[in-house]
Amino acid sequence: MKVSITLDFADALGSEYNYLLQVTVNNYLNSFESEASVRTYKSRILNFLKFFSEDPSQEPLRVSVCQFYNQESLPPETEILFFSLAADYRHFIQQNQSIGNRTRDNIVAGIRGFIQACEQMAIMPRGTAKMMKGFKYDNKVVGEGHTFLDVKLHESLNSSEVEKILKQINADGEYSEEDQRSILKLVQNINQEHVGKITCLESMIELSTMTLKSRIDSLRQSSINVINNWSSLIEQAEKWEKDSSLILKAQQFQVVLFDKDMHAKVRCAEYTRLFESNSTGLSYIYYKNILKSYYKDNGRIYSIMSRYCTDMVLLRKLLNGSPELLLAVFVLLLIDTTANVESIRKLKLSDFRNDGEAPEIVWFKGRDNRFHRKILDRKNVNDRQLIDAIELLVKSLDFVRSQTNNIDKDNLFIQRYKNNVTKHDSDFGATTPAVNTFSRWFTEECLKVSNGSWSATPKTIRGSLLLLTALVTKDSFQVKERGGWVGNSSMSEKYTRHFAEILRRDNNIREFLSWYETLTTINIENFAEKIGIDPVAYEARKKSLLNQQFGGIHCTDPTAGIQPGTVKGKVCYRVDKCITCSNRRNFFLVTKENFASVLMLHDALDRLLQSNIEDEINKWSVWHYFTSSMINKFTNASEHRRLVIQARELMAKTENPYLKLIIPIKSEVF
């Protein structure tokens, strides 16, 4: 069945261009065999052309196509306008919350095919279809999970109160169902700590930060308390080892134990006399200095000890390693280094270096196959606590370590654990606890510090620290530095896109994040020659295009007067609003001038951050996010290495025009 449709866009696009589009549409639709495919693509193409004919930002392109109808007679700037049309429509599809991810990709793919047909008909310039690339989607909400704002709750909350808060935050209905689920989870976690204190969106954002910090602080303080307690216990154990009366009693116990001629009643009386005072100390001295054996290895001795020793639990922990102390130091290291769980679990004794003026911890991160280090300052309270904690743990495990010869002997975290279910060799020694063991201990610790209201896993610590950094600094690159990532900043950016962080941003900033994901870069090196237009005319247009930008972002109409305080017909002066303005173009031109502009703006914004002028910093915060992201993107791409060098050279010999504009203070501050 031959398809023949009539287009009615002549008023907006001109009759001749409307006719050429109609021919192209019919040819394209007739390439499909299925009627269902024809109906689907017809609908999508008509929606695209409707956008072309009605979207206000496409007016300059509509004027051009009304006046000219083929590639040879289109003015040079029209190529860029077509690119903008494709990029804008792609952004429009990406913003449509009523369709799913797969549908978005299918729509873009269909329009890309149609634009390729238009390129073959020479009614759209070559390269336009490349602007209609597909989207990348995560399977879960970006940045969520594994933070103290996403913990497992063990207490039921007042559901009506939580629903009331959710309705208040989503009063305008701007959040999708997926967003609302994220907000609901966030509200539940905050309300667990701060009941009834969420009064508005701003308070919720502040309470998110407070909840993260309080949960991290409570775990750290609990660890310090455990460490201090164990410091006293180990100090007491050292005193036992120097107590001559205890040593004598331990030796006497050995004699009584193996005297075959001693009557049973006499033996029991002797046990009672020997263990009458400080039974735990006597038991400890006997096991460690005389028997030189792990707790519970000898069944007969264990049976006697269990009848006469008053604190068998403490005895086991002193001899085999204390789970509480192991976990406390483990948590302290996770908090103070922001390292991954497995990196800390596998620390060696040699990874803690305390033989110089500056102690340090070194750990290996398997994912990026490199070592990381933290230099410790003894004058810093937290660092001093960490140094003392590690030294205490090492001291507490001296006996455990001396009794084992397996591969885990040189690990920082080891414990002798022997269950009664599995059969073990007699030489069963201490090993590093498994990840699941640390997770079980940590869950119990969370329940303890929260009075049974929530629990989490150890990896939650790292996620929470990175999210807290994102909330406080508003900078994915500080998150990247703390997280120890190399290469691109995608991992660090997910923490600046956790819902708690997204809520911190106003509507424009949230829109900016979505726009940045769809931002397309165009390389215009030798562009004129590639598409067959006059290089001289194009160079003039290129200079005009570069002048119509700020910080690398180009405006469709600088005289539109759409920003508050600006007048239509006069050039807009609200350059601080470009990044979130509806008139910005959805692509970034890859030129040394454009990238140098980004570098200079970023330099000015970095200086502004040093000024501590809060109002100005907030005003330019989204720009700083943009410039940081673009610099990271280009400097980590090998294909742009030459351009980055050229842009830096251009920046070095150019007076920075952004300094006077952005920084409202005297230059001597710097």
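These are my notebook entries on a predicted model of one protein chain.

**Entry 1, the whole chain.** I began with the secondary structure, and the protein chain comes to 31 helices and 9 strands. I then looked up burial, and of the 670 residues 50% count as buried. For the surface, I noted that the chain exposes about 33,200 Å², of which carbon and sulfur atoms supply 48%. Turning to contacts with a separation of 6 or more, I found that residues 24 or more positions apart account for 66% of them.

I next looked up how helix α2, residues 15–29, packs with helix α3, residues 35–54, and found an angle of about 160° with the axes 10 Å apart. Because that angle is over the cut-off of 145 degrees, α2 is roughly antiparallel to α3. I also recorded that the crossing of α2 with α3 is right-handed. On the α2 side I listed Y17, L21, V25, Y28 and L29, which meet V38, Y41, K42, I45, L49 and F52 in α3. Sorting the residues of this contact by class, I got 10 nonpolar, no polar and 1 charged.

I then turned to a single side chain and asked myself: is D336 buried or exposed? The residue lies in helix α15, which spans residues 323–337, and its relative accessibility is 13%, so D336 counts as buried, the cut-off being under 20%. Leaving aside neighbours within four places in sequence, I found D336 in contact with R220, K374, N382 and L386.

Methods
Residues numbered from 1 in each chain as written. Predicted model: local features only at pLDDT ≥ 70, side-chain atom pairs only at ≥ 80, totals over all residues. Heavy atoms only, no water. Helix = DSSP H or I, 4+ residues; strand = E, 2+ residues; numbered from the N terminus. Buried < 20%, exposed > 50% of the residue type's maximum accessible area, 1.4 Å probe, protein only. Contact = heavy atoms within 4.5 Å. Areas by Shrake-Rupley, 256 points an atom, 1.4 Å probe, with all protein chains shown as cover. Axes fitted to C-alpha atoms, helices over the stretch in contact; angles between N-to-C directions. Parallel < 35°, antiparallel > 145°, perpendicular 65-115°, else oblique. Left-handed = near helix turned anticlockwise from the far one by under 90°. Nonpolar A, V, L, I, M, F, W, Y, C, P; charged D, E, K, R; others polar.
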